[in-house]
There are 2 protein chains.
Amino acid sequence: MGLFQGKVLALAGGVGGAKLVLGLARQLPPERLTVAVNTGDDECFHGLHVSPDLDTVVYTLAGMSNPETGWGLAGETFHALEMLARYQVDTWFNLGDRDLATHIRRTQLLGEGATLSQVTAELCRCLGVAHRIVPMSDDPVRTFLATESGELAMQDYFVRQRSEPAVNGVQYRGAAAARPAPGFAAALADAGLVVLCPSNPFLSLGPILALPGVREMLAADSVAAGDVAGGAGAGRLRVAVSPLVGGAAVRGPAAKIMAELGHEPTSLGVARLYRGICDRFLIDERDEHLAPAIADLGIRPLVAPIIMETDEDKIALAKLILELGGSDDDAG
Amino acid sequence: MGLFQGKVLALAGGVGGAKLVLGLARQLPPERLTVAVNTGDDECFHGLHVSPDLDTVVYTLAGMSNPETGWGLAGETFHALEMLARYQVDTWFNLGDRDLATHIRRTQLLGEGATLSQVTAELCRCLGVAHRIVPMSDDPVRTFLATESGELAMQDYFVRQRSEPAVNGVQYRGAAAARPAPGFAAALADAGLVVLCPSNPFLSLGPILALPGVREMLAADSVAAGDVAGGAGAGRLRVAVSPLVGGAAVRGPAAKIMAELGHEPTSLGVARLYRGICDRFLIDERDEHLAPAIADLGIRPLVAPIIMETDEDKIALAKLILELGGSDDDAG
């Protein structure tokens, strides 16, 4: 089976998304991959603009990420944070010394009038990341969770509260007035293959899909499941990878939040969220029993090894996705 | 001889000033010592507000300063700066990881509307520094040097260019419109003893003395040399410690700059700069031959051990100065 030969757009959140993005980047030349990254959990810490998901993706592609956590930098130290603690400010968000340099530089450039897209491009250039990593939007969007402990911004919920409070609502504040970043909009227009990475559907991909026009653009280009095309001018193929396996998230609070919000906390529940914007849905073999129900949604399921532990796992999964996109080339 | 019992105001720049300030702080309870610190070499690095002299004085009193350099923090690391270098920004100004926390916190508070005085008080509170350390002004003043290599801001000249370019002029930009910070103004009004620390007369004390009203307030309270009073309501005593020994600066470019600007690069040259605002001038024994010429300025010279290497040296010099201020109490 041949590999997809067109342009690829990946929608990604943090750690789970970054894994698949790494696999895609190892398979695709820079000009053929755009990664649009969630900025709904961007936050201001100590006056610095922190973009956790962007940094996770960039550090991963730069080969600098901490392999144990998936976020942050390998070999990181936390001396500045220890000193900030002496200044009696909240230091529950882990900011390493090298990582702080990224936030300092980002904040400086934003302060000088650069867009987040421009800042991200500059950071990528300096770190040798050639693939195009773009924020979902240059406009501020902030994910808030309504919880039993009151309303919490994303990092407050996720890091400070360790995702413990029960969630009864999610809001992407600012999304209605935000535009997709230029690089994201361009990729939305010309990518022949869209990959919804295995990221939290509410907290990672939700903000991206909440941007005006994004869901519509993805839906308008729908092609029937099984009728997969890859060439220019043809409909695009949209492939999602489930972030859940056997009713639990591979990592993070995705299943918990889905249940709390009244959604089935399984791959089927996720598939329902992507109905109309997804042609193929990759699930773990433990979820094979959900395949018929997923197919009933008009989404063609595929049982595949979606748990990525090694770089080889990530590359293999990326290759499988590119093969899905390339299957029509073979047929045509 | 008794020690001076009133309030003390010390004018200080960086490392040399901080040494004497440490001695004074060991001899005086917090409510009796105010240190007004040069902010003419404050600089914005990477979007962060850096106050080198304030930090040197605060870190010194907090017992956190690097004993080898006199500036910066003991046991410092530079991981963030290494990462900033990857972002291809100028990193000639050494910013350690812990030190960066200070600048981050300062920048955040200033951004929230705090004055530099308020910020400095907060940093002091958190670091356990009880004596009052105040910036010379809450308004921006920036020292620029006209040099053979063009106009240079203070840190550019001092750190990046290692004080090498010949200087033909010094400008305290913003000084004419700046007001002494509230704590400095209060101490100017009620201190019975003013100490001009052994700091660079052009680059450290010059900006302080250039603030509107400061030199006049110091001059107006002049008392005749030898007619030293200490009590409330009496004239104040003004004591300077020479930053030069034997025609060379104890550290830094003071002698070089004085010569380039046409001043005699000796303790006598410094005394001339302080004429009218100084009653007693402490010089090293190697400068004893300058004493008659200093006395001719109306300044009473005193040969004393002014080189401070150990904490004991600093405390002894501070004690000597306080004895000068206390001599009249004995006589009266």
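Which elements do the buried residues of α3(B) pack against? They pack against α3 and α4 of chain A, together with α4 of chain B. This is a predicted model. In it, 25 residues of chain A are in contact with 25 residues of chain B.

**Where chain A touches chain B**
- The most comes from α4(A), with 10 residues.
- By class, this side of chain A has 12 nonpolar, nine polar and four charged residues.

**Helix α3 of chain B**
- This helix spans residues 79-86.
- Its buried residues are His79(B), Ala80(B), Leu81(B), Met83(B) and Leu84(B).
- Their packing partners come from both chains: α3 and α4 of chain A, and α4 of chain B.
- Just after the helix, Gln88(B) takes a positive phi of about 60 degrees.

**Helices α4 and α5 of chain B**
- Helix α4(B) covers residues 97-111, and helix α5(B) covers residues 116-127.
- Their axes come within 9 Å and cross at roughly 140 degrees.
- Because of that angle, α4(B) counts as oblique to α5(B); roughly antiparallel would need an angle over 145 degrees.
- The crossing of α4(B) past α5(B) is right-handed.
- From α4(B), the contact uses Thr102(B), Arg105(B), Arg106(B), Leu109(B) and Leu110(B).
- From α5(B), the contact uses Leu116(B), Val119(B), Glu122(B) and Leu123(B).
- Sorted by class, the residues of this contact are five nonpolar, one polar and three charged.

**Ala146 of chain A**
- Ala146(A) sits in strand β6(A), which runs over residues 142-147.
- Is Ala146(A) buried, exposed or partly exposed? Ala146(A) is partly exposed, because 15 other C-beta atoms lie within 10 Å, whereas a buried residue has 20 or more and an exposed one 12 or fewer.
- Leaving aside residues up to four places away in sequence, Ala146(A) touches Glu151(A), Val167(A), Asn168(A) and Gly169(A).
- Gly96(A) is 50 residues from Ala146(A) along the chain, and the C-alpha atoms of the two are separated by 29 Å.

How values were computed:
Residues numbered from 1 in each chain as written. Chains lettered and ligands numbered in written order. Predicted model: local features only at pLDDT ≥ 70, side-chain atom pairs only at ≥ 80, totals over all residues. Axes fitted to C-alpha atoms, helices over the stretch in contact; angles between N-to-C directions. Helix = DSSP H or I, 4+ residues; strand = E, 2+ residues; numbered from the N terminus. Parallel < 35°, antiparallel > 145°, perpendicular 65-115°, else oblique. Left-handed = near helix turned anticlockwise from the far one by under 90°. Contact = placed C-beta atoms within 7 Å. Nonpolar A, V, L, I, M, F, W, Y, C, P; charged D, E, K, R; others polar.
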